[in-house]
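Please read this short report alongside the sequence and the 3D view.

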Amino acid sequence: MSAGSPITGAAPAQAPKATPTLDHTPAQSVLPQRVPSMALARFILAKLVKGVLVVLCVVVVNFFLIRLAPGDPASIMAGESGSSDPNYVAQLRTQFGLDRPLPVQMATYVLGVVRFDWGFSYRMKLPVLQLILDRLPATLLLMGSAFVFSVLLGIFLGVIASRTRYTGRRRWLDSLIVGGALLLYATPLFWLSLLMIVLFSVELGWLPAFGMETVGAGLTGWSRVLDITTHLVLPTVSLGSFYMAMYVRLTRASMLEVMGMDFVRTARAKGVAAPAVIRRHVLRNALLPVVTFSGIQLGQLAGGAVLTETVFGWPGIGRLMFDALMQRDYQLLLGVFLLTSAMVVVFNMLTDVIYRVVDPRIAFEGGR
Amino acid sequence: MSGFARRFLRNTGAVAGLMILAAILVVALAAPLLFPDSPWMMVADPLILPFQDGQYPFGTDMLGRDIGAGLAYGARVSLMIGAVSTAVAVLAGIAIGAAAGYHGGWVDDLLMRVTEFFQTIPQLAMAVVLVAILTPSIGSIVAAIAIVSWPPVARLVRGEFLTLREREFVQAAVVIGQHPGRIMLTQILPNAMSPIIITASLMVATAILTESALSFLGLGDRNMMSWGFMIGASRTMLREAPWMSLMPGVAILLTVLAINLIGEGLNDALNPQLRHRGED
Amino acid sequence: MTGAAMLLVATLTPVASQTRGGTLNLIVQPEPPILILGLNQQSPTQYVGSKIYEGLLTYGADLKPMPGLAKAWSISEDGLTYRFTLQDGVTWHDGKPFTAADVVFSADKFLRQVHPRVRPILNRYLASVIASDDHTVEFKLKEPFAPFLQLFGTDNMLVVPRHIYEGTDFATNPTNQHPIGTGPFMFQSWTRGSDIVLIRNPNYWQKGLPYLDKIVFRVIPDSASRAVAFERGDVQVLRGGDVDNVDIKRLEAIPGVEHTTKGTEMYSTITSMLMNERKPPFDNVKVRQAVMHAINRDFIVRNIFFGIGKVATGPISSTTLFYDPNVPTYKYDPKQAAALLKESGVDVFKYPIKILNYPYGTAWDRLAEYVSQSLQRVGFNVQIEGTDAGGWAQRVANFDFDTTFHFTDQFGDPAIGVSRLFLSSNIVKGSPFVNNEGYQSPKTDALFNKASSSLIPAERQKLYSEVQNALVRDVANGYLFENQNVTLYKGEVHNLITSGVGTNSNFATVSLGK
């Protein structure tokens, strides 16, 4: 078994060993079998403090990093207007506060952030927080649906594959699923999106190719939900299929690993039927690496959404980030980073908590 | 070693992957012989269909450039970016992970905080920002991919080192007073290599995918004919000339697939004990 | 306007047979950052804002001024006083009356401060602007500026509401999020990342107009998706730049789809190759001439821009006033290019050059690749440098490039849109659209300056003809081709393109029917 997150490739390679490394202080990983709520609360609090520090670090480092990029918002705006007046550029810089010393700008920004004032978008002339909150629901919807799609379908197919392999019946199904996952896993996401648009939207006309809903149709209630759902299909598949392939492989490998373990053999030797063994014993244990990986996936979805949102015209955060970067809209870009890194921290924390709550050793005891 | 080779060769998928990759590698190496002209050279009429003109079996693009030459030279760039960025990331990951895992204590704590920091920004977003800041070039793309790829290696290596550090043979080396650097290099690292090799093989695949994504977003190197660039360049003509984006897409797919198959084969062959547990 | 007073009376009477009502679906691309035309002049802002705001004048396809918020105007003999009589019964979208004070405030306070293109002109030429009464405005110039009357469209001197902006910080005024104009359509909503909706202004000063009930501008960031939206009928109009040129031929062929290249006369965009003339090899005029011979501009138009464009004969577009086709030509001839290089005595291979990529889409990437190959063929040592919009603007504004491309609008008159790229007084760092190439010629400087203050068209023509000959001989910059913009629209859309600003007109007379 082997698998990789879209960019890193590595994280899940460790996952099947059922020793997730999200928590890296060895002393902490030895927890009592039943987690007392006090310990859990302390654990969460410690994580929270650490998370806030990490997010602040991200903001400060990126603040300086972005300034290394050539050009600034004033020069870009002057460029776009076809202007020929250098005084105008200087005036814009003063107006944006870009003429002040960098440390002063940073201090102002960070002090603002801790008071939930995330600054002002130079280009859109709106508070950054408002711009981000406007786009957040669309991204959360897309992320959520891609997540659910990939997890559910991935686990389902992974279980089927491992079962057919384990029981030896219909092994072609296992090969088909594994082969399909391998292919999906090797396909460039944007390329797949383009092919899907041509096929399902242009040639067949089944699904809308862009946007989140039919603008100007004035739909309400269920017809609006339906409308958004049809718009959601292609982006969800595009964003989720890579991860779906991951879950198939992860689930299948993890299932097979657990199936080979002593307690399963014991159960089978006791005469428990195979489906029951799988439901009662194997799945619960095998899903731990899946839990670990899903935490990683959620964090990455916001970044991966850049491509999907571009191709499908989805009005979300990923696209906002890319535009802000290209326009050097510093504060907006920092705002997006702030939000996404906070999301990653929260997801990691949730994963840790969930992992601890369903610690494998507890389940193991029950299995024997 | 022969046991490893035998186990690897018994895996049909891995062998197929190896053959595909070997073929791609041969084409990449032979590109200057097969296509003496630069892949950017406009050699014929624009938009010749594939399989129409014996001289240009893969057809030509909108400027009359030979798509076959693009595919061959693209193989060089994609493989090179994949290999170099992975090598850089793996070396960085090993150095950081080894230091953290072996030393433990505050070194570990500090390095893991740094690693965590790098993992807090979604990776594609980080890569896009880095390339934009460093301005798009082969160097900046390799650097960006390496920078977003090393943290998982570091964690993996750290984990291995944490475990192996306690083993008898390492403790023995410590007792006889070997230099820590030597212990890490000669005692621990060789024993930690299998998961690193497996991970690295998969990172090559994702690096190729990442490069193509960057090119698609317009952040590729303008002087390098890469597959990602070819898809990005021809995606506007997806309907008029689908072959132009299909072929480099298939090339990426095949390469990534081959590397994944090899990675799996390596995994199986390097971890024979896993087979006993039903893993495959 | 030969100095004699001229008076024109509004003759805009709506055609009675038009169908009223309906929603027009358009694409705005990319999404504008803001809709206040004074604060942002990008094409998408123009597209939306031109329906909300108005200027004193509008312009026909021949670029002749026509009534807008002014129903009549006159120019004094000496060309220094412009007097406008305003329309009656005009109100702002918030119900407040529109008066001469709004015009004075807009020109004298608002635009002078915020409009990057207009403010240098106003600051140089405008002596005063006063409201003689509620319906009369008088502009007094310091010295004659021939194309002054070309400046009163929404692109340039639009009118903003004084009662909202006076005494506030223009950039952060809360009304910026809810624009208030006098135009036929009123702002209704803007869902960022998705759509902008305008609705009919029931109190529009032209009785019976507009015909449409609603205009929806949709935001679709991917060009292939935009083509699909048009095919599916989700939008009824595509304008130049909405889809890639490659898609246009296919979309044109769809039954019921109309197309036109009209409606861009005011802009007459031209694409040029800037060569940095401060350093070798491009400091040598023979090398620049060789570049012109080395590049097949027909190929560029045909294969990179898919036939949508026209090879330029010089730096003034054929649809701009005072264009003259009688200039030397550089035909595609690599041998001639090589000969010129030899003649120049410059060993061009010794001076590696980098083409700074123009980061505005795939066609521009192809252009850089094509030019790179063409120049290498005649002996240049060329590389392409990738960049994004921020990097490009900064590098070009600081003259930090070897060669690059840009396209610029000409705004009808060479004195507004062309001279800025060649006057040596305009070699000023800080903006990417000045004389960035560093062309210096006292002779053309003098010709340009004389032509912009002359009030006699025949004299101006003669001066501009001389200018064009000089610029072409010197290859002051590598004029490549005139960008054409194709507007595609479904047959049910009527009266879409009726003026020299095309889809940037106010759409009051656009209607939907069968």
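Predicted model: local features only at pLDDT ≥ 70, side-chain atom pairs only at ≥ 80, totals over all residues.

Residues are numbered from 1 along each chain as its sequence is written, and chains are lettered from A and ligands numbered from 1 in the order in which they are written.

**The chains**

Helices (H or I, at least four residues) and strands (E, at least two) are DSSP runs, numbered from the N terminus. A residue is buried if 20 or more other C-beta atoms lie within 10 Å of its own, with C-beta atoms placed from the backbone. Two residues are in contact if their C-beta atoms, placed in that way, lie within 7 Å.

| Chain | Property | Value |
|---|---|---|
| Chain C | helices and strands | 14 helices, 21 strands |
| Chain A | buried residues | 53% of 368 residues |
| Chain C | buried residues | 56% of 514 residues |

Chain C has a radius of gyration (taken over C-alpha atoms) of 23 Å, close to the 24 Å from the globule rule (2.2 Å times the number of residues to the power 0.38) for 514 residues, so it is as compact as a globular protein of that length. The C-alpha trace of chain C spans about 70 × 55 × 40 Å along its principal axes.

**Domains and strands of chain C**

Domain bounds come from an automatic or database domain assignment. For chain C this assignment gives domain 1 (1-262 + 486-514) and domain 2 (270-483). Their C-alpha centres lie 31 Å apart, and 17 residues of domain 1 are in contact with 17 residues of domain 2.

Two strands pair if DSSP finds at least two bridges between them. In chain C, β19 (residues 487-490) is joined by two bridges to β11 (residues 237-238), running antiparallel; here C:Leu238 stands opposite C:Leu488. Four bridges join β19(C) to β12 (residues 257-260) of chain C, also antiparallel, with C:Glu258 opposite C:Tyr489.

**Chain A against chain C**

How many residues of chain A are in contact with chain C? There are 40, and they meet 46 residues of chain C. Helices that each supply at least two residues to the chain A side include α7 (128-167) and α12 (274-312). The most comes from α4(A), with five residues. By class, the chain A side has 19 nonpolar (Ala, Val, Leu, Ile, Met, Phe, Trp, Tyr, Cys and Pro), eight charged (Asp, Glu, Lys and Arg) and 13 polar residues (the others, Gly among them).

Notes:
Buried ≥ 20, exposed ≤ 12 C-beta atoms within 10 Å, placed from the backbone.
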